[in-house]
Amino acid sequence: MLETMEQRFKSLQPRLDFCALRYVEEETEILSVRQGVAEPLRRRLDRGAMITVLHQGGYGYAATSDCSTEGLRAALAHATAWAAASAGHSLFDYRRIDMPRLQGQYQGPGVGQPLDWNRKALYDLLLDESAAAKAGDARIADWSAQLSRLTVRQRYITLDGGSIEQDFQMLLPCLSVTAFADGEAQTRSLGGVHDGICRQGGMEIVAEAGLIGAGRRVSDEALALLAAPNCPSGRFDLLLMPEQMMLQIHESIGHPLELDRILGDERNYAGSSFVSLDMFGHYQYGSHLLNVTYDPGPRNEFASYGWDDEGSPAAKVWLIENGVLRRPLGGAISQARARAAGYALEGVANSRACGWNRPAIDRMANLNIEPGRHSLAQMVAGIERGVLMDTNASWSIDDTRNKFQFGCEFGRLIENGKLGPVVKNPGYRGTSATFWRSLKAVGDASTRQVMGTADCGKGEPNQAIRVGHASPACVFADVDVFGGEG
C-alpha cells in the first residue's frame, strides 16, 4: 500500500505550483480492566490520505479514505478547486512561501523489532494490579488499569521530488484508584487523568512507567488522601513534581507560544495568547533559571519525529533561554505569515495534523524544561514553608492562556526544609506572565521525568494530538495556594 500510494499520486501529474500527499496509517489496540473484570479488547485501523495544493496564491486541501487512483484524483480535484476559490481572497498570498521538498526516513524506537504483545500475559498483569489496588478494602470504590499500543506509518510526498517516510510505535500504560468514605472521594492515578506516562518504544515502557506494582502503591495513596486534612490556604513556596509540571508547561508555555494562535487563529474556539509578535527576543517570560526547548529528538518521548507534516526538518531549539522569550512554536506557513506582518521570526518544525483527515496546524510536539542543578532533597531543604504537589486533577485557564488555577491529586506540606504530612485537594493559582518569573530552583536530571498526553485539543474540527513534556521538579516562590475549602 505504502509504495503504491506514491505511484498512484505521481500518476496524476497535475500542473500546479505545489502539490503534496500525506498518507497516514494507524493501528490501535487497547486492553483494559475495570473493577477486576477484563473488558473487551478494542482494535482500530484508520488510514487515508490528505492532498494539499498551493496554486496562484490560493491554498486548498482535501482528504479521502479511498486510496485508489480515482479516489486520489477526486481529492486532488477538490483541493485544486479550493485553492482556486481562495486565490486572491486569502489574508495571505501563498506564493510568498517556498514549501519544503525534502527526502528522508525516520524510525522511532521499537519500530522493526518484535513486540512481545502477549494479550493473556498483559491481561493477567492488569488483573493482578487491579486486585492489588482493591485489596479487599470496602473504601476502594473504583479501580481500573489499561495498556494501549499504537503503530503509525506516515508518508509525505510532493510531486516535485519530496519523499519522507516515518514510522512510530507507542505505548500508554495507566492505572487509577478512587477511594470513598463519609461522602468524600479521592482519586490517585499513575500519570494522571491525561494518560501522562505515554512514550515511544517497546515493552520496556511498561516497567519504566512503574505499572508493575503500581496497584497497591496508588491505592495506599488514595486511602492516605481520604484520611488527610485539606491543604491549607495562603502564600507558600510551591514544589511541583513532573506529573504536574507537564500540564503547567503545556497550558502556560506551550499554547501561548503557538504562532498561529498569536497570529489570530483559534480565538473563537481554543482561545488566543497573551504573547504578541513584538515580544520575541527580549520579553522576560520567566526567571533566569527557565530554559525551555522544543526537542523532537529524544528517542522515547511521545512526539519525537524527523519532519513535521509539511516536510520541514525537525531539530532541537531553545524557545526560552535564561528566562528570555526567543522563538514561537510555528511551522513554515505561520513563519511566512509572520514575515508578511513585518516580523522575521524563526519558528520550529511543528506543523502537524492528528490524522489523515485533518490539515496541519501549529502544535507543540515535545516541549521540555531543561534540567537544573538541584536534587530533590536539596530543593526540599531550601523551603521553609511550602507545599509539594503532584499529578494534575483539574485545570482552568483563561482565553489568553494567562490567568490560571490548577488542582492536584496529591500534596505534602514542607516545613523547615523537611517533608511533612499528606494533604488533600491541593491547588494553586497565578498568571503565566508572573508565575514563571517566580521560579527559584530547577531540579537536576535525577528529578526529571518523561511525560506527555495523547489528547491535546485544538482546531476546528477538533484535533486531539500527541505531545510530549519532559521536566524536572521545580520550586516557585510565594505562590497563592489553596485547599478544598477555597
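**Entry 1: helix α6.** I looked up α6 in this predicted model and asked how many of its residues are buried. I found that 13 of the 13 are, so α6 is largely enclosed by the rest of the structure. Buried here means under 20% relative accessible area. I then checked the span of α6, which covers residues 242–254. Its end C-alpha atoms are only 16 Å apart, short of the 18 Å that a straight helix would reach at 1.5 Å a residue.

**Entry 2: the whole chain.** I counted ten helices and 24 strands in the chain. Of the 486 residues, 58% are buried. I noted that the C-alpha trace spans about 70 × 55 × 35 Å along its principal axes. A compact globule of 486 residues would have a radius of gyration near 23 Å, and I read 24 Å for this chain, which agrees.

**Entry 3: the largest pocket.** I moved on to the pockets. The largest one has a volume of about 890 Å³. I listed 32 residues lining it, and the closest to its centre are Tyr59, Tyr94, Asp265, Arg337 and Ile361. Which elements give two or more residues to this lining? I found β4 (58–64), α2 (69–86), α8 (332–340) and β15 (361–362). The most comes from α8, with four residues. By type, I sorted the lining into 14 nonpolar, nine polar and nine charged residues. I also checked the domains: domain 1 (1–227) and domain 2 (234–483) each give at least three residues to this lining.

**Entry 4: the second largest pocket.** Here I found about 550 Å³ of space. The lining has 24 residues, and I noted Glu26, Thr28, Arg44, Ala454 and Arg466 as the ones nearest the centre. This time the elements that each supply at least two lining residues are strands: β1 (18–34), β3 (42–55), β6 (140–158), β7 (163–181), β22 (449–458) and β23 (463–471). I sorted this lining into nine nonpolar, five polar and ten charged residues.

Conventions:
Residues numbered from 1 in each chain as written. Predicted model: local features only at pLDDT ≥ 70, side-chain atom pairs only at ≥ 80, totals over all residues. Heavy atoms only, no water. 1 Å grid on protein atoms, 1.4 Å probe; cavity = no way out; pocket = protein on both sides within 12 Å on 5 of 7 lines; lining within 4 Å. Points joined across faces, edges and corners; volume = space filled by probe spheres on them. Nonpolar A, V, L, I, M, F, W, Y, C, P; charged D, E, K, R; others polar. Domains from an automatic or database assignment. Expected span 1.5 Å × (residues − 1). Buried < 20%, exposed > 50% of the residue type's maximum accessible area, 1.4 Å probe, protein only. Rg over C-alpha atoms; globule rule 2.2 N^0.38 Å.
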